[in-house]
Structure formats: structure tokens, C-alpha cells
Amino acid sequence: MAGRLTLHAFTALGWLDGQFGLWRHPELVPPRAVPDLQWWSDLARTAERGCMDSMFFADAMGMGGFTADDREAEVRGGRMILWDPAVTISGLAAATEHLGFLFTSSILQDHPFTFARRASTLDQLTGGRVGWNMVTSYSPNAARNLGYADLPSREERYAWAEEYADVVYRLWEGSWEDDALLADVASGVYVDPAKVHPIDFAGDRYRVQGPHLTHPTPQRTPLLVQAGGSPAGREYAARHAEIQFIAETDERAMAETISDVRRLAVRSGRRPDDISFVVSSRFVVGSTEAEARRKAAELFERADFPDLVAHLSSAIGKDFSGLSPDDPVDLLNDPAGSGGMSGSLQALVDGLPKDRVPTLREVVRASRNRGRVVGTPEQIADVLQRWHEAGVGGVTVSMELRPTSLVEFVEHVIPVLQDRGLAQREYAPGTLREKLMGYGDRLPDRHPAARHRR
């Protein structure tokens, strides 16, 4: 497959980055301090030094555990600490020149009018370097934090997400005409009133008059990314996403997922290559394979096992509380999609032995190893090259030890990828959409948002 891989530094705006007790690791400096804006700016500059495409911030609006013990593990380990990434992006953009920023925002957490204004502000202040990770949330605690009795069903959440997208598209794409902003000193007209329009939206959930309160920004609509792996998530990605993050790490499974979403995209009136697929992955780099495997084993042994179990429970929607590490866990006969992130559950099941029932410890270890590539820089580059040949357009670089994991990838793996033509050596001009998708600063006319243009 021609072209390069896009590279995205994946993190969360909390100290622990979700890494389950590894705050005690001696390589973390400082191990018990709260990072400030300078620390995050240094991390962003590290990514930019490697000519990476973006920093991608995961986020959540609630805790994920099923039980009091799960929630206690999240609090005790500090994993529930999360700041708002959207607030931070303008500061990180000022510390960098080219790096893009992808931020997560759920349909539950903001009214679409408020969110559209925030996203436009970021797109303007960064010169078109932002993207929105479109999520529907999977945590009942998040729903209850935001005033709902419980988390709606997956089907209801995706119907909600369709209406949410419709509102923000109307604001971003249809409320202002491109030449509405005049700033004409002679006439005294700053904005032409005839070219700014209310949207007068009335749906099942929202009523929004408009108009949008900001003029068209460099991208108008931020780059659209999505990470749902369930059938409903794939359908939503096929209609809306420009980048879809996938959990599969087996080349055959990757190719099947990519083929399916591209088929759905064509059915929605889009082109197969309108969506780039990015694998969610982590890397443990060693000067030898033995050193890398030793480092990977040490990371698992240092992690807090109850916290790992609590995270697994929330991530796949299954309650493992009350089980000991050696108890059997039969996921093969537990239908994917019954709760939580069914795409993650299916990917986990696919990686487990089929001839016997695994123990909880084995399931947790498999969960931690899913998406993890362990080896020398050359071995890691070999794996990424195979993924690319299977149709993958990019990878995330999650940080098990932050910033060590990112520094090692930038200093040792990226040069190998660059030598193979799989990573860029310098940044191309243009907005984040232009750099990653290649079809200009704005969404193409075949995207559903375009129907609102005037």
C-alpha cells in the first residue's frame, strides 16, 4: 500500500495515563507531582520533534467501575483524575508549530451549540490543527454525573449522536457564508447580515435557533475521528468519520474491519478512501528482543492487579468483581455487544485460546497485551509495515511510561520508519485535515455535513 503511516501520541490529561499503579515506577519523573502546562508542552514538543501528526487525548466524564471496590481501586490508584483536554489545547498549540490535537468530547457532556463554539474557537486559535473524537460514552457514572437516570442503550446513544452531529454541522457549515466577514472600513460593515443565517433546528432532543457565533474557521468543521467498534459504531464511523481508530491487531481481522467500514461508507454515499484507519497500539522498545520482553513483563508485574480488573470490567462492560486471579472466565459464550464497548470485547475474545476457559489473570494479561508491540525498533517497524500493507493508515503511540515510552519511540522507532518511507521527515503545509486526508482544508462535498452548505 502506497503512502506513509500517520502517527498519533495517545494520552489522557491526568497524571497516571490509566497505567494502573505504574506511578511508582522509578523511571517516572517526578513520580508524585501533578504535571503543569510546561510539562505537557514538553510532551507535545517531543511528539513534534518526531514529526508525529497529533496528540490524541482520551477523556471521560465519569468513573467506569461496576462496584464500590472497582471505584475504590480507581480512586486509590489515581486513575480517575482527568482534566479537560479542550481547555489545554490552545496552550499546547502555542508551544508547537505543526502538531495537531485530537480531543474527545461526548454527546452527553455538552449542548451542541456550546460544543460547536468551543471547537470553532480551538480551530481558529490553532490555525486549523484540531480534531474531534466523536463518542457516545459507555460509563453509567458519566450519565449520572450529567443528570441522567442511567446510561441510555447503545442504539439510543447513536440515534442521539446523529442528531448531535446534525446540529453542529449546521452551525459549522451552514450558518455563515464564506465571504460574510467584510471588515469594510469605508462602509462601516464588519459582517454582512445577509450572509449569516440562523439554523432554526428542531429535533427530538434539541431546539437551536442560531446563528453560530464565530465566523468560518480554517477547517470550518474540525477533523472528525471516531473509535466505536460495535456494529452501531461502525455504521456511525462510515457515515461521519474521517479517521476511525480500530482495536484489531491481527492483519486478517484488520483487513476485515477496514473492508466492512469502507463498504458501509460507500453505501452512505462516500468513497472507500474517505476514511483512514488507525490502530490503537502501545510499544515496548528494547535494544534486543530479550530486553524488550523483559521490560514488558516488568510493566505487567508492577501494575496494580485490582485496578487492572476494574478497568477491564468497565472497558468491556462485564463485572469481574468477586473473582480471584485464578478463577475461570468464559467470555467465548458471553455475547459481544451486551454492554460496554462491544468492539473491545470482541477483539479481546478473538485473542484468547479457544480450546479451554482462561483464568481471570490470563484475560487481564491478554487485555494488556492487546495492541502492544514488543521488540527492537526494526522488529516494531516490521510489524507496522505489515499493518500498513493490510490497509492501516496510522497508529497511536500510547505511553505506558510517560514520557519515557514516547521518547523511546521518537528516538529509536521513528528513524527506522522514516528510512522505510513509512513516516514523514517534515511537515506538509496546511490544516490538520489537509495533512492527514489530502483533500483540502474543508470536508468534501460527499460528506453528510456538506448538505448544509449554502
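Me: Where does pLDDT stay under 50?
Reply: Over residues 334-341. pLDDT is the predictor's confidence in each residue, from 0 to 100, and for that stretch the model has 22 contacts beyond four places in sequence, a contact being heavy atoms within 4.5 Å.

Me: And what is the mean pLDDT of the protein chain?
Reply: The mean is 89, with 92% of the residues at 70 or more. This is a predicted model, so to speak of a local feature pLDDT of at least 70 is needed, side-chain atom pairs count only at pLDDT 80 or more, and totals for chains, interfaces and linings use all residues. Residues are numbered from 1 along each chain as its sequence is written, and side-chain values use heavy atoms, with hydrogens and water left out.

Me: Helices next. At what angle do H1 and H14 cross?
Reply: At roughly 20 degrees, with the axes of H1 (residues 37-49) and H14 (residues 404-419) coming within 9 Å. Axes are lines fitted to C-alpha atoms, for helices over the stretch in contact, and angles run from 0 to 180 degrees between N-to-C directions. Helices (H or I, at least four residues) and strands (E, at least two) are DSSP runs, numbered from the N terminus.

Me: So what do you call that arrangement of H1 and H14?
Reply: H1 and H14 are roughly parallel to each other. Angles under 35 degrees count as roughly parallel, over 145 as roughly antiparallel, 65 to 115 as roughly perpendicular and the rest as oblique. The crossing is left-handed, meaning the near helix is turned anticlockwise from the far one by less than a right angle; clockwise would be right-handed.

Me: Which residues make the contact?
Reply: H1 brings Leu 43, Thr 46, Ala 47 and Arg 49, while H14 brings Leu 406, Val 407, Val 410 and Glu 411. They divide into five nonpolar, one polar and two charged. Here Ala, Val, Leu, Ile, Met, Phe, Trp, Tyr, Cys and Pro count as nonpolar, Asp, Glu, Lys and Arg as charged, and the others, Gly among them, as polar.

Me: How about H4 and H6, at what angle do they pack?
Reply: H4 (residues 112-125) and H6 (residues 154-174) pack at about 50 degrees, their axes 9 Å apart, and are therefore oblique to each other. Their crossing is right-handed.

Me: Which residues of H4 and H6 meet there?
Reply: Pro 112, Phe 113, Phe 115, Ala 116, Ala 119 and Ser 120 of H4 meet Tyr 164, Val 167, Val 168, Leu 171 and Trp 172 of H6. By class, that is 10 nonpolar, one polar and no charged.

Me: Switching to rings: how many aromatic pairs are there?
Reply: The count is 14, where rings of Phe, Tyr and Trp (its six-membered ring) pair if their centres lie within 6.5 Å; planes under 30 degrees apart count as stacked, over 60 as edge-to-face and the rest as tilted. One of them is Tyr 158 with Tyr 236, which is tilted because the planes are at 50 degrees, with centres 5.6 Å apart. Tyr 158 lies in H6 and Tyr 236 in H7 (residues 231-240), so this pair ties together parts 78 residues apart in sequence.
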